[in-house]
Amino acid sequence: MVRTKKVLKKSLKKTKVQAVEPIILQTLRGMKDILPSDQPYWDQVRRVTERLARDYGFFRMDTPIVEYANLFTRTIGEGTDIVEKEMYAFTTRGGDKVALRPELTAGNCRSYIQNGMSVFPKPVKIFSTGPVYRYDRPQEGRYREHYQANFDAYGEIDPILDAQVIQVAYRLIQNLGIKSVQIQVNSIGCPVCRKDYRNLLVNYLESKKAKLCQDCKRRSTVNPLRVLDCKEDKCSQVSASAPQSINHLCDECRTHFKVFLEYLDELDLPYIINPRLVRGLDYYTKTVFEIWSGAEDGKKHSLGGGGRYDGLIKSMGGEDTPAIGFAVGVERLILEMKRVQAKPYKAPRPRVFMAQLGNLAKRKSLKLFSELEKNGILVAESFGRGSLKSQLKVANKLGVDLTLILGQKETLDGTAIVKNMATGVQETVSVDKLVELIKKKLKADNVVVYHN
RNA sequence: GCGAUCAUCGUCUAGCGGCUAAGACAUCGGUUUGUGGUACCGAGAAUCUGGGUUCGAUUCCCAGUGAUCGCCCCA
């Protein structure tokens, strides 16, 4: 086979047969397949997410992956990295400027407005999951296509919702078996007090400009809040004594933050206030937060984050609607689940194998298979195989408890052999009583489940 | 977008400037045809791509691609 492949390749080269572009058997950079072996983890995330969403009153919504590009540039912010250098944007044949969504909130807000969802009783709680796209440099836990689970609540200004939303995020992570996490919270104020604070910060940074790293010198005017987040030693020193946004909030924002923290205390959530927490999207107001994995051995990931965006809906052309939400990164959750050896979801597996022998039995087995399936009995098979021996081998490998053997003789008699794989004992039963018997046997204790 | 490390069967690994690139696991088939697990036998299966150095490259060099790590940023 290989030889023919190689020969073929060479002869193609020599004779210069039409230059057919070969199919590149590789996922695009930063994108990966989610293989069957990983699905138990994904299933677990899905189940926990859906269960929690239901319990906290969030309804599922799915929006398109592609939207008009300016939905994102206008909401996330022109100057942000996400928009500036990470967006998958292109022009369609029809001339529309579109983009693959880099996050879920913008699309959800668009849908909220477009579909007049403001008529629902507040808060309107929505959750969605799906892939988002960012054209950045891949690493472990950071992909160009990754999945997020996103929760948003519209129409409620009360800080109690901020606390509840964080509780949902926290419990989502906890319920996956990730116990050790840290919640960081901050308030970045409203447009009014943030502007004042920003000026203050710019002035301060200006006075210390000489002590900043190259990047931060640039940032200090373009996006001064980001300087606070810089990990360079000298920048940390500068930002350590920089004015903090929480000390320069207007009355309303300060009260909001204070009450919010009281609710958090009430919930016993392990949070810390990080005055230097700023986020990469422009639409946030007041409360912002992130949840970090608690890996002691160096590597830490942001598992999720979010915040309040009271001005977003209005700025998009909707009614004045306060809102708060968060997103978690599914790949990172799974990475962390594996690290702490959290249990993935274990899907039901077939405990019965059906083996057939001879043309007549083979023909009947297909029907019998569906009869069993209709009765809720999961059956494995390898119908294409001929010998009973090889079928039993497969049955054994699959670790089933029972194997049904259907041969020429049984088919003519309207019976089947039921073999207990652990003991090797087998009995012949009428096909009519098969379902009943299998159910009984699967419940019985003497069916030993070995093979994990 | 910047820097670093790496790249061999499906998976994990071995190997060497040279002639059939080795092994394990997995897969498929067999050990007398209607009975599995163990054992034995057999088969298929790889040097990421493109250049260069060389008599000769999987091995050395360059570029591309990808992965991982550190920045940047974020989920």
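Author: Happy to! The C-alpha centres of domain 1 and domain 2 lie 50 Å apart. Domain 1 covers 36-190 + 250-339 and domain 2 covers 352-443 of chain A, with bounds that come from an automatic or database domain assignment. This is a predicted model, in which local features need pLDDT of at least 70 and side-chain atom pairs count only at pLDDT 80 or more, while totals for chains, interfaces and linings use all residues. Residues are numbered from 1 along each chain as its sequence is written, and chains are lettered from A and ligands numbered from 1 in the order in which they are written.

Chain A holds 17 helices and 16 strands; helices (H or I, at least four residues) and strands (E, at least two) are DSSP runs, numbered from the N terminus.

Now for the close look, at strand β4 (residues 97-100). Two strands pair if DSSP finds at least two bridges between them. Strand β2 (residues 66-68) runs antiparallel to β4, and three bridges join the two. Within this pairing, Val66 has Leu100 of β4 as its bridge partner.

Strand β3 (residues 89-91) is also antiparallel to β4, again with three bridges. Here Thr91 is partnered with Lys97 in β4. Together β3 and β4 make a hairpin, with five residues between them.
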